[in-house]
Amino acid sequence: MPAPLLAAAGQLLKRRLARRALKLLAVVLPVAAAGGGALVLVLVLTLQGSSPQQDQSASGACSTVTAQAAVSVADLTPEQVANAQTIVAVGRKLNVPPYGWVIAVATAMQESGLRNLDYGDRDSLGLFQQRGGWGSARDRTNPVAAARLFYDGGAGGQPGLLKVADFQRMPLTQAAQAVQRSAFPNAYGHWENLAQQVVGNPTVLSATCYDADSFAADGSAGSSAVAAALSVVGTPYSWGGGGFSGPTQGFGAGASVAGFDCSSLAQYAWFKAAGLRLPRVTDQIAASLPHLPKGARLQSGDLLFFHAPSDPPGSYHHMGISDGQGNMVHAPRTGKTVEVVHDVMHDPYFAGQFAFAARPPSRPGAMQAGGRHG
């Protein structure tokens, strides 16, 4: 689906005005219909950039692992994509419903153009142009902390979105205004369609907060493998495609598409992380690695294998990569793209077919390539 273009989203006229005004320097090009809003109800994962960004504020930690986006997101800059991802990641961590993510992204589009501004009308700062009473300047210019303030409320008792009764039943404009108290209450609605499409893009919709100790900063080969897999979220599924060097055309159902299948994604991620050469076929990978004990705590980079009743004994029709926090990066099937399944062991489909997990060794060259496809 073609993505809309975000041409610009404005500069603030500040200091001299009794009330803030937002001047748009450009307009958004026509936006394709977003499909009734259902787009934002799907859950997948990735984050943008190359190094962890940590929230050190009193509002709590939320580190984000970032990697170059595999797919474009409207006409957003890398900064805007990263900020949209942060808003979604924080919303997911706080159990905000997906509609709330759309409200928050649309609000940031209106207030700052999805940019983390260090200026604004009077003392307004950051993505949401929060006034001084909301919190410290440090928090308001920290995208993670600012998103938390938008959802949870300000230090001065300002209501966050989660404190707005029945916000899920409200038009976006009313819900955003209940938090922002803007002099331009109708402006938020102008961004709703674009915000739906941005949040619905796999590169943004997938965003997740990571605890630094368990993923973002542990420096392990497994976490590097997950980061490599996250960097290709949005890449098409291609049966028989992909390998150590990245996405390639497959054959059969994947002949016309350059991408990954489930086993080649694991090959790519672990080779990128540690120079490890996993076999090519899912069953060969499963046979080449020791199985973790049932109930063992999963770590970043562990491989998950799935067996359906129709699979022959010792055969596994699918595999994915654990991120160590309950989610799985995988290449699902033809017509889909690399994505993340959140809380995978509580997903009835995957939980019902989970067979075992395996942990690859971290030594480069410890394994040799196997068959051609998986």
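Predicted model: local features only at pLDDT ≥ 70, side-chain atom pairs only at ≥ 80, totals over all residues.

Tutor: Strand β6 (residues 318-322) and strand β7 (residues 328-330) run antiparallel, and 2 bridges join them. Strands count as paired if DSSP finds at least two bridges between them. Strands (E, at least two residues) and helices (H or I, at least four) are DSSP runs, numbered from the N terminus.

Residues are numbered from 1 along each chain as its sequence is written, and side-chain values use heavy atoms, with hydrogens and water left out.

Now widen the view. The two strands belong to an open sheet of 5 strands, ordered β8-β7-β6-β5-β9, with antiparallel pairing. Its edge strands are β8 (339-341) and β9 (354-358), and each of these pairs on one side only. Neighbouring strands in the sheet are turned by 35° against each other on average, direction ignored. Axes here are lines fitted to C-alpha atoms, for helices over the stretch in contact, and angles run from 0 to 180 degrees between N-to-C directions.

Helix α10 (residues 262-274) touches β5 (303-306), β6 and β7. Contact means heavy atoms within 4.5 Å. The direction of α10 makes about 30° with that of β6.

Next, the aromatic rings. The structure holds 11 aromatic pairs. Rings of Phe, Tyr and Trp (its six-membered ring) pair if their centres lie within 6.5 Å; planes under 30 degrees apart count as stacked, over 60 as edge-to-face and the rest as tilted. Phe128 and Phe150 have ring centres 4.7 Å apart and planes at 15°, so this pair is stacked. Phe128 lies in the loop between α2 (98-112) and α3 (137-140) and Phe150 in helix α4 (residues 143-152), so the pair ties together parts 22 residues apart in sequence. Phe128 counts as buried at 1% relative accessibility, and Phe150 counts as buried at 0%. Buried means under 20% relative accessible area, exposed over 50%, partly exposed in between (1.4 Å probe, protein chains only).

Phe305 and Tyr316 have ring centres 6.1 Å apart and planes at 65°, so that pair is edge-to-face. Phe305 is in strand β5, and Tyr316 is in the loop between β5 and β6, 11 residues apart. Phe305 and Tyr316 are both buried. Phe306, Tyr349, Phe350 and Phe354 form one aromatic cluster.
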